[in-house]
Amino acid sequence: ALLYLGGSVMADIDRIGTALQSFQWWILIPVCALTLLNYALRFVKWHYLLHRLNVDMPLGEDAWNFTAGLAMVISPGKAGELLKPYVVRERTGTPMATTIPALVTERLTDGIAMLILAGLSVGVYAADKVHYLTIPAIIIAFGLLVLAHEGLSMWCIKLLSKLPGLNKVADKLQEMLVAMRTCVAPISLVWTILLSIVAWGAECWGYQLVFQGLGQDVGLDVCVFLYAFATVAGGAMPGGLGVADGVLAGGAATLIPGITQPVSVAAAILVRICTLWIGVAIGAAALVKVSNMLGGIQLDESQTESPSR
């Protein structure tokens, strides 16, 4: 990750050097503050989902747990975020099958919020890109409709349980389904989506402030579209690496009149440092606290002798 960050900066250093010379560096303070607001609101959402599942995780410990999870967004497929349900299990004894749906709902509502933010202005700035938002929106809507119908969702679980390898975990799948239905119940879903819209809207605003720091008067609406669209486009990549950066760098120069490629690239790098890499750094530091909270990582002899474990 550090090599990627360093490489992306050095690759464009000639083009962005001039743009950065006039950058008002103090403006990174409110940009980082908006990013921290994003993290705080998303933590509120995560803790609320645990509360919905009747999981009694102490607030302070859960805050460290959530913060450590920020470092995991750059893991392949964001699979490292399973750290959060794992820590909850270790501290409360709650099975991961119960809390993994909270993690899924957390990421799902983030995705819905970004689709909403991007959809508010996609017709104005990129009408030809509507299908990129429509397809994931249809998939999400279909999934929520299936979850809303208890009989249909249970039928899907029974169907999956007949597949080789899944028949042994049918009970766990049913447990996850029940927890998932609790997390995406109408009131819970609306509340968590609203929190997500405000949280990610804060980072979109931070993107606009970066342009102001570069001496560019860019409207909030186009910043919301670009940042949301870039986040959706990079959703399949760890931390959106490469994809989100490319969309931000190329999109601003294409859609915003008067924005040169060097300024566009500089804005992309600065906002990604503030909204992604600072979070990764904070999360990495929190991992130490979480490790101590769990008593460190220890393996007994049976674990070291059996690769299957």
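P238 is placed in the loop between helix 12 (220-233) and helix 13 (243-255), helices being DSSP runs of H or I of at least four residues, numbered from the N terminus. The model is predicted: local features need pLDDT of at least 70 and side-chain atom pairs count only at pLDDT 80 or more, whereas totals for chains, interfaces and linings use all residues. Residues are numbered from 1 along each chain as its sequence is written, and side-chain values use heavy atoms, with hydrogens and water left out. P238 has a relative accessible area of 18% and is therefore buried (under 20%; exposed is over 50%, partly exposed in between; 1.4 Å probe, protein chains only). Its C-alpha atom is separated by 4.3 Å from that of I74, 164 residues apart along the chain.

N54 is exposed, with a relative accessible area of 72%.

Nine salt bridges are found in the whole structure, each defined as a side-chain nitrogen of Lys or Arg within 4 Å of a carboxyl oxygen of Asp or Glu. In the bridge between E61 and R91, the closest N and O atoms are 2.8 Å apart. Because E61 lies in helix 4 and R91 in helix 5 (residues 83-92), this pair ties together parts that are 30 residues apart in sequence. The side chains of D245 and R272 also meet in a salt bridge (3.2 Å, N to O), linking helix 13 with helix 14 (residues 261-293). D245 is buried at 18% relative accessibility, as is R272 at 9%.

Conventions
Helices (H or I, at least four residues) and strands (E, at least two) are DSSP runs, numbered from the N terminus.
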